[in-house]
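Open the structure in your viewer and keep the sequence panel beside it. Each stop below says what to select and what is there.

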Amino acid sequence: MIGRTKFLRLPTAIFCGAVATATGQDIHWEWQGDPQLKLAGVGDVNNDGYADIAIAESNHSGGGIDAGRYLVLSGLTGKKIREKTGRPGQKLGRAISRVGDLNFDGRMDIAVTDSTHVKVYSGTNQATLVSVALPSVSLGGGVSSDGDLDGDGFDDLLVSWFTEYEFTARTFSGRNGQPIGEHFGYVFLSAQAIVGDVNGDGRDDVAIGSTFEDSGGFLFLGSGEGNEDQIWSTVGDDYGVRTLGSDIEGIEDLNGDGVCDIVVGCELSQRVLVVSGQDGSELFSLTNNAHGFGSTVSNVGDVDGDGFSDILAGNSGIYEGKGGAKLFSGRTGIPLYEPQGPGPVVERVGDVNGDGLNDFAVNSFGQIRVYLGSPIFLDADESPIAAGETLTLRTGLGTTGNRAALFLVGIDGVPMSFLLNIQQFDASGQVTQELFVPPVLSGSTVSFRSFAVGSNHPIATGVETITIN
């Protein structure tokens with residue numbers, strides 16, 4: 001059901017007054033750094049009960065030219081908790097990843113790549129726990145972790161680098177830094193991830209994407225022991241896509257077969273595939289009419305409290321000079337929210353405000369915005385929008401038959417509370433509202449808030465701000 005109305009001054013007794021709600025969907029905090037920075041959610045590093053975020057800046061010059069650094073920011077406040085600066089020429093922070101608790105001190109540790117090594121630093125005191133040397137011919141490197149590849153109870157490392165001739169990925173023990181296996185011979189290794197145990201052998205497995213191989217790109221799934229230990233592989237032509245594997249992330253079991261599944265970006269096809277970890281068959285796909293959609297993907301955990309991990313996908317804007325991101329329900333594949341402004345790199349950060357919902361971050365060339373999860377999201381189809389046009393707002397995902405109330409809550413920063421509409425969630429769990437934008441609002445910034453009864457929250461709320469030209 002689609003409702004239509006103008007911006008009206010209506011009584012606001014229903015849902016208004018002294019209703020206290022956690023403000024979901026809002027930008028929690030912002031941070032500006034180097035345009036080429038990397039970020040990773042690293043769990044609770046300072047033991048305050050909130051997940052924290054690590055930032056890597058290989059171009060930072062505080063320790064000398066090309067010294068680099070990594071730092072940890074409080075997930076709750078965005079303030080710096082600790083910092084480690086590299087030596088001149090070290091380029092500390094080429095890549096960064098969360099790692100499990102390797103020294104069993106109760107805090108997550110952090111893997112960071114520099115020009116010659118991948119090192120795991122203690123989340124407690126920044127002491128070096130593991131050090132892996134990169135080949136002397138290496139021209140760069142990446143690192144992934146968050147999984148036990150050899151079954152010894154320690155999270156291990158998946159490290160990639162490229163030479164003049166080919167890309168190589170090698171796995172190393174998180175316990176002692178010794179090699180586990182090697183994946184080699186890729187023309188272009190575009191993405192890598194440790195994706196969970198897909199073959200039931202008690203060890204996590206590895207996915208590798210190579211976008212510019214023949215047949216639309218190549219996706220390999222196997223153990224951490226090397227090329228010869230393949231579980232399955234597939235090519236882009238099998239799905240009708242190009243650049244299969246522009247980014248990869250494992251996700252919890254979405255189809256109920258007891259095996260974790262895989263999220264795969266296909267940048268030039270503007271699609272994100274969710275495929276079965278068991279056999280690579282397509283479960284569903286996500287689309288967005290944006291150039292480069294699928295350039296980055298992230299399993300951001302359960303951000304809306306429905307018990308399923310959700311998916312955040314970025315678009316590089318390769319033909320437009322700007323990027324963006326879009327959040328999708330992992331349960332239904334329905335779009336939940338599109339953060340305003342550019343933001344091609346997306347990341348899971350955990351629960352940064354202690355409300356029990358996972359949150360997420362969007363990185364736009366060094367500008368990081370951390371967004372809060374919410375049981376209900378309110379999203380506009382278009383912003384900015386011209387005065388005199390029709391604005392479409394969607395509230396979701398709610399329980400079919402329950403009601404959602406849409407309010408106008410601010411114009412140009414002036415708070416207000418005008419009830420616009422009350423409707424029931426449809427069979428897909430959404431409420432769609434079309435609003436005529438009067439010419440008098442030209443040049444304004446308008447904010448809306450949607451209130452609804454959520455499955456796990458008495459009152460849930462989503463917020464959206466629109467620019468009107």
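Start by selecting glycine 177, which sits in the loop between β13 (167–172) and β14 (179–186); strands are DSSP runs of E of at least two residues, helices are runs of H or I of at least four, and both are numbered from the N terminus. This is a predicted model, in which local features need pLDDT of at least 70 and side-chain atom pairs count only at pLDDT 80 or more, while totals for chains, interfaces and linings use all residues. Residues are numbered from 1 along each chain as its sequence is written, and side-chain values use heavy atoms, with hydrogens and water left out.

Is glycine 177 buried or exposed? Glycine 177 has 10% relative accessibility, so it counts as buried (buried is under 20% relative accessible area, exposed over 50%, partly exposed in between, with a 1.4 Å probe and protein chains only). Leaving aside neighbours within four places in sequence, show Val130, Val132 and Phe172, which are in contact with glycine 177 (contact means heavy atoms within 4.5 Å).

Now zoom out. The protein chain has 36 strands and zero helices, and 56% of its 469 residues count as buried.

Next, select Val195, Leu221, Leu244, Ile248, Ile262, Leu273 and Val275. They have the most contacts inside the largest nonpolar core, which has 19 residues. A nonpolar core is a set of buried Ala, Val, Leu, Ile, Met, Phe, Trp, Tyr and Cys residues joined through side-chain atoms within 4.5 Å. Elements giving two or more residues to this core include β15 (191–196) and β19 (244–251). For a second, separate core of 16 residues, select Leu393, Leu406, Leu408 and Ile468, which are among its members.

Now look for rings. The whole structure holds seven aromatic pairs (rings of Phe, Tyr and Trp, the last by its six-membered ring, with centres within 6.5 Å; planes under 30 degrees apart are stacked, over 60 edge-to-face, the rest tilted). Select phenylalanine 293 and phenylalanine 328: their ring centres are 6.0 Å apart and their planes meet at 55 degrees, so this pair is tilted. Both of these residues, phenylalanine 293 and phenylalanine 328, are buried. Then select phenylalanine 407 and phenylalanine 451, an edge-to-face pair because the planes are at 90 degrees, with centres 5.5 Å apart.

Finish with Tyr337, Phe360, Tyr371 and Phe377, which form one aromatic cluster.
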